[in-house]
Amino acid sequence: LTYSTREIASGKFSERIPIYSKDEFGSLSKDFNSMAATIEEKINELEFSNAAQKTFINNFTHELKTPLTSIIGYANLLRSSKYNEKLFIEASDYIYKEGKHLEKVSSKMMDLIYARSSKLELVPLDILQLLTEVHASLKTRLDEKEVTLEISGEAYIFSSDHILMRMLLSNLIENAIKASKPHSSIQINLNVSSKVTLSIIDNGIGISPEHLNRLCEPFYMVDKARSRKNHGAGIGLSICKEIANLHHIELIITSEVQKGTTITLVFPNES
């Protein structure tokens with residue numbers, strides 16, 4: 001009993017006492033084991049709660065980066081350019097829109113702990129139009145790296161949560177920009193047929209096969225040094241996977257080192 005008490009006090013909460021008798025010592029040992037099991041359970045609950053809060057904070061921080069980057073980019077464009085009324089109006093409009101989007105993302109993320117507890121606000125959404133919206137918000141990032149984004153396809157209406165769907169597309173396209181080489185292009189194809197698919201194709205650095213199955217794990221990074229350089233937190237694809245699951249969208253990743261990566265979203269049949 002003394003030994004086990006010390007073991008538990010040192011943090012070994014799985015420690016239990018073997019029971020050899022049915023007398024008072026046996027009864028005491030049984031009660032001791034029951035107490036130890038309760039302590040271990042409570043400690044595990046506290047650790048899980050702490051991990052969930054940490055994940056939420058990291059997710060929240062990660063999702064603020066994209067609209068903030070757009071705001072900073074357009075503000076810098078205004079600051080470094082000679083006064084041009086058309087440019088001033090256009091940049092000011094984007095700064096305002098991204099500011100409002102940042103406000104909505106903040107509100108959504110406050111109700112979102114790792115995407116599972118989110119209440120979806122489903123509305124008919126034109127995916128092609130949303131892609132154009134995301135393209136505009138990432139324009140400064142594309143220009144900075146001299147990467148072009150080409151969007152093709154037909155209009156497709158899908159019932160989805162606007163904020164979450166924009167998070168999904170923004171994260172996937174931003175990942176493609178990070179992986180792309182300067183002066184290259186990213187193709188986005190929205191194929192509306194019997195099975196609706198959206199493919200995001202880059203010709204970047206690619207991902208080796210041993211990493212593909214773990215890409216959607218929280219905080220998993222293929223290259224930590226490159227992720228830090230690109231301001232990555234290692235959780236973007238984890239969020240994407242959760243949002244896709246909430247909308248019953250299948251997310252498929254194929255890649256080849258030094259040839260590029262294709263991410264395909266397969267939409268459910270709503271008919």
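**Close-up views of a predicted model**

**View 1. Helices H4 and H6 against the sheet.** In this predicted model, helix H4 (residues 127–137) lies across S2, S4 and strand S5 (197–202), and its direction runs at about 170° to S2. Helix H6 (residues 162–179) packs on the sheet as well, touching S2, S4, S5 and strand S7 (260–266), with a direction that makes about 20° with that of S5. Contact here means heavy atoms within 4.5 Å, while helices (H or I, at least four residues) and strands (E, at least two) are DSSP runs numbered from the N terminus. Axes are lines fitted to C-alpha atoms, for helices over the stretch in contact, and angles run from 0 to 180 degrees between N-to-C directions.

**View 2. The open sheet and its strand order.** The open sheet has 5 strands in the order S2-S4-S5-S7-S6, with mixed pairing, where two strands pair if DSSP finds at least two bridges between them. Strand S2 (148–153) and strand S6 (250–256) are the edge strands, each pairing on one side only.

**View 3. The pairing of S2 with S4.** S2 and strand S4 (residues 185–191) run parallel and are joined by 6 bridges; leucine 149 has isoleucine 186 in S4 as its bridge partner.

**View 4. Isoleucine 39 in helix H2.** Isoleucine 39 lies in helix H2 (residues 24–80) and is partly exposed, with a relative accessible area of 30% (buried means under 20%, exposed over 50%, partly exposed in between, with a 1.4 Å probe and protein chains only).

**Notes.** Residues are numbered from 1 along each chain as its sequence is written, and side-chain values use heavy atoms, with hydrogens and water left out. Local features need pLDDT of at least 70 and side-chain atom pairs count only at pLDDT 80 or more, whereas totals for chains, interfaces and linings use all residues.
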